[in-house]
Every structure is written in C-alpha cells, then in structure tokens.
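Visitor: I would like to learn how to read the features of a model like this one. Please take me through them step by step.

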Amino acid sequence: RTMCETASTASSRARVDSFLSAPAGHAFVVFGSSGSGKTFLMSKVVVEAAAANVKAGSGWKGCVCARFLGTSAASSAVRPLLLSILRQLKRVYGKEEALPVEFVDIAILFRTAVTEWPSEAQPLTLLLDSLDQLDDTDAGRRLEWLPITNLPPYLRLVVSTLPDHADFNCLSRIHTVLRATEGGENALENHSGEVETISEPIKVLEHILALHGRKVTEEQMGAVTEALAAQADSKEGSSVLWLRIVAQKLIAWRSFDGVRHAVLASTVPEMIVDLLENTERKHGRFLVNACFAYITLTKGVAEGELLHLISLDDDTLADVYEWWVPPLRTAPPLLTARLLLDWHPYMTLRGDGSGAQLYSWYHRQFWEVLQSHLFGGVDAGSAVSSSQGTSVESFGAGAVRRRQRHLELADYFSGVLAGVA
C-alpha cells in the first residue's frame, strides 16, 4: 500500500527479478545516490521474494533473509549483524552449531551457513540493504566477511550501497572482486543495477499525500511542478528523499493558504536547513540545537535521556524559563515530546536490546546536514553548498561546540553528573 510503482522503479526492479530467477554464482549489487530510493527497491524485492517462496498449500519453500543495515543496534555493526543472521538460519535449517565468540570464527561460520546450508529443497535468498551504513568495527565496510563470487546455485545474494565516499568504498571493493573473477572490466555493469531517478515524481508525490488523506490545490501543485523543473538538471527533484520532504511540507499546507513561503525549488540539504530554521523559530534555538546535537552525535538516544540532557543544559533552561524561576529547575517533558513529534517523519526508532526506543536520523543526509549546521561544517563541510558561507573561524567554533556536546554526553552516561561515577 505504501509503495508507488513507476516506470523507472519497475525497470530497476526488473533487473533484480531477472537475477533472482536463475542461478548466477555471484552477488547482485544495487547502487545509487543518497535518497534515490535504494531502500524502497530493496523493500519491494523482499516482499516479492517472500511471496514467491510460498508454495500453494505447502507453506514456505526455502528462506528469505533480509536486513536493513543501520536501522537497529543489531544491524549497525558487522558482528551483531552476522550473529543475527546466523540465529535465523540455524532455526530455518535446523542446525545446532554453537555461535562462536571471536569475529574471525563468526565470519567463517557465516560463510559456511550461506554457502553450504541451503539446498534445492530449501534455497536461501539473502538481501542486505545499505552496506555503507555499517560502522568500521571489525572492518565491517571492507566486506571481507561477505562472499561475493563462487556462490552455490541455491543462494541468491542481493546487496545495496552508495557510490564510493570519503568514508567508505563498498562499491569499488565489490567491483574489484567481481572484476577479478566474473568477467573483467564489465563485471560491475553485468552484475549490478543503478537505481534510476523517479520517472513520475508527481505520481509518487500524490501517492504520499493520499496515504496521509491530503490533497493540494492546482496552484500549490503548480508550484511543486515548477520546483521539479528547476531541479531537472541535477535530478534531485526526482529522488525519493526530495519528494518525501516536499510531501511533508505540503501536508501542512491548507487549501486557502495558497503557496506558502516554504522553500521548494532547492536541494535536499537546503530544505533540511530550512526545516531546521523553522523549527528553531517555533521551539527555540537552544532547545532544538541541544536535542539535535545529542541525536546527531550518538547512535541513538531515548526521549527520557534527551529530557535529562537538556535539563542539564543551562542555556536551554535559561531560554525556557525566561520569565520565571520554577521551584524545580528541570525541562518540562512536553518540550522534547513536541519537538520529536514535529520531526517524526525524518527520524527512526530502534531498540538497543534493553527495551528502550532510541531516536536517530532515518537518512544519512539529515546527519550530514545537521553536522554542518550545528558544528560549522565539522566533518560535513560539503553537505551544504558554499553559498551559505561558512568562515574559517566558524570551523574552530564548531569544533569547540562539538567537543562540549561530547563532554556533556560523556558526563551524563558515565554517571559523573549523577555523582555515581
């Protein structure tokens, strides 16, 4: 219900479907720019692969194992990821092997499990979305743990990743392996598929609005069409992320508002900055900057932890209690609740194994832009165009702000502020 098929997504999916339909002996790589819709495509493939593995009247045929990396504590590092997959495969294939402790042994068992346990009666379809979202623990993004070639006929392996980046080069590592064993320089072209920009963006936008029970006037849709035309050269307007942000803006528009001031004819980073600045005006700059800094600098933070952290931030409390002094100087719980509710479409909730729900950014571009905006471009200077103007001095100030936030997080989680460290 939430997936809207277009000619471009159907074309990308057809390549994956063709790969899954016959033994290949190698992995298939889905790649594309940030926000292009790789996760959408992988989700669609997972649903259809699961449906195809059901025999009429006889239950499951084989196993479909899917992981969307970076969305949970168990999928953000390679060690818990492999252990999670191994536990599932042990149940499916009735194996009794004890799970090892050392990572080298875990990787060996994983390779054995995916290459030797599947059979004609119980094939395995393994789909790993966003390899680039793994951290560098145990050299996860070097991909030495992942069998890419010489795969058995009963294993189908589909992975997705971003193109190479300063922090990772998953795509070129896969390319190197494929080139060495699967057909020279054309290996990546023959064994991969690039996610194309969406061919019918207005159709997708109307679909997202319909899911929220909303429509827009002809005047408002005309403004969106003009914004799409302005992005034609960069193709940014045809990305899933751009459309999702625009849809969230349109949901807040009323029919009698006409075309509101919200920026449409801009890039994704510029729209994120616009959202952030509007949020600062609504909720207060100190509160927004503190909460978003804590979310950005951690792998996830609970709502209760956010409330405690801003209750320890003097600037935020001074801004909140500008006109009176409360008997108990702590941040009201509704402050964080309202802020998180407004930004719920751009966040993801994941568990940490303890039952807590942690807030984190659902897309890499939010993390990159907020790094740049909150800390003056530290480690993310290219996220926002240079036209926004970041001076050399602001980089130093940004580093100081970043260090201060890290110290606050360290003191809180180590128990120093509670006097128990």
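Guide: Start with the sheet. Strands of a sheet pair through backbone hydrogen bonds, either parallel or antiparallel. Here an open sheet of five strands has the order E4-E5-E6-E1-E7, and the pairing is parallel. Strands (E, at least two residues) and helices (H or I, at least four) are DSSP runs, numbered from the N terminus. Two strands pair if DSSP finds at least two bridges between them.

Visitor: Which strands stand at the edges?

Guide: Strand E4 (63–68) and strand E7 (192–194) do. Each has a single partner strand, so one side of each is left without a neighbour in the sheet. From one strand to the next, the twist averages 10°.

Visitor: What should I know about the model itself?

Guide: This is a predicted model: local features need pLDDT of at least 70, side-chain atom pairs count only at pLDDT 80 or more, and totals for chains, interfaces and linings use all residues. Residues are numbered from 1 along each chain as its sequence is written, and side-chain values use heavy atoms, with hydrogens and water left out.

Visitor: How many bridges pair E5 with E6?

Guide: Five bridges, in the parallel sense, pair strand E5 (residues 124–129) with strand E6 (residues 155–161). For example, Leu 128 has Val 159 in E6 as its bridge partner.

Visitor: Which strands does helix H3 touch?

Guide: Helix H3 (residues 78–93) packs on the sheet and touches E4 and E5. Its direction makes about 165° with that of E4. Helix H5 (residues 170–181) also packs on the sheet, touching strand E1 (28–31) and E6. The direction of H5 makes about 150° with that of E1. Contact means heavy atoms within 4.5 Å. Axes are lines fitted to C-alpha atoms, for helices over the stretch in contact, and angles run from 0 to 180 degrees between N-to-C directions.

Visitor: Now phi. What is the general rule?

Guide: Most residues other than glycine have a negative phi, and most peptide bonds are trans. Ala 139 has a positive phi, near 55°. Ala 139 lies in the loop between E5 and E6. Asn 150 is found in the loop between E5 and E6, and its phi is positive, near 55°.

Visitor: Is Asn 150 buried or exposed?

Guide: Asn 150 counts as exposed, at 67% relative accessibility. Ala 139, at 30%, counts as partly exposed. The cut-offs: buried is under 20% relative accessible area, exposed over 50%, partly exposed in between (1.4 Å probe, protein chains only).

Visitor: How do I read aromatic pairs?

Guide: A pair of aromatic rings is described by the distance of the centres and the angle of the planes. Rings of Phe, Tyr and Trp (its six-membered ring) pair if their centres lie within 6.5 Å; planes under 30 degrees apart count as stacked, over 60 as edge-to-face and the rest as tilted. The structure holds twelve such pairs. Phe 292 and Trp 361 are edge-to-face, with 5.2 Å centre to centre and 85° between the planes. Phe 292 lies in helix H11 (residues 285–297) and Trp 361 in strand E10 (residues 357–361), so the pair ties together parts 69 residues apart in sequence. Phe 292 and Trp 361 are buried.

Visitor: Are Tyr 346 and Phe 366 stacked or edge-to-face, and why?

Guide: Their ring centres are 5.1 Å apart and their planes are at 25°, so the pair is stacked. Both Tyr 346 and Phe 366 are buried. Ring pairs link Phe 292, Trp 343, Tyr 346, Trp 361, Tyr 362 and Phe 366 into a cluster.

Visitor: And the nonpolar cores?

Guide: In soluble globular proteins, nonpolar side chains tend to be buried together. A nonpolar core is a set of buried Ala, Val, Leu, Ile, Met, Phe, Trp, Tyr and Cys residues joined through side-chain atoms within 4.5 Å. The largest core has 55 residues, of which Ile 245, Phe 292 and Trp 343 touch the most other members. H11 gives the most to this core, with nine residues. A second, separate core of 41 residues includes Cys 63, Cys 65, Phe 110 and Leu 151.

Visitor: Where does Arg 405 lie?

Guide: Arg 405 is in helix H16 (residues 392–414). Arg 405 is buried, with a relative accessible area of 15%. Leaving aside neighbours within four places in sequence, its contacts include Asn 289, Asp 313 and Phe 375.
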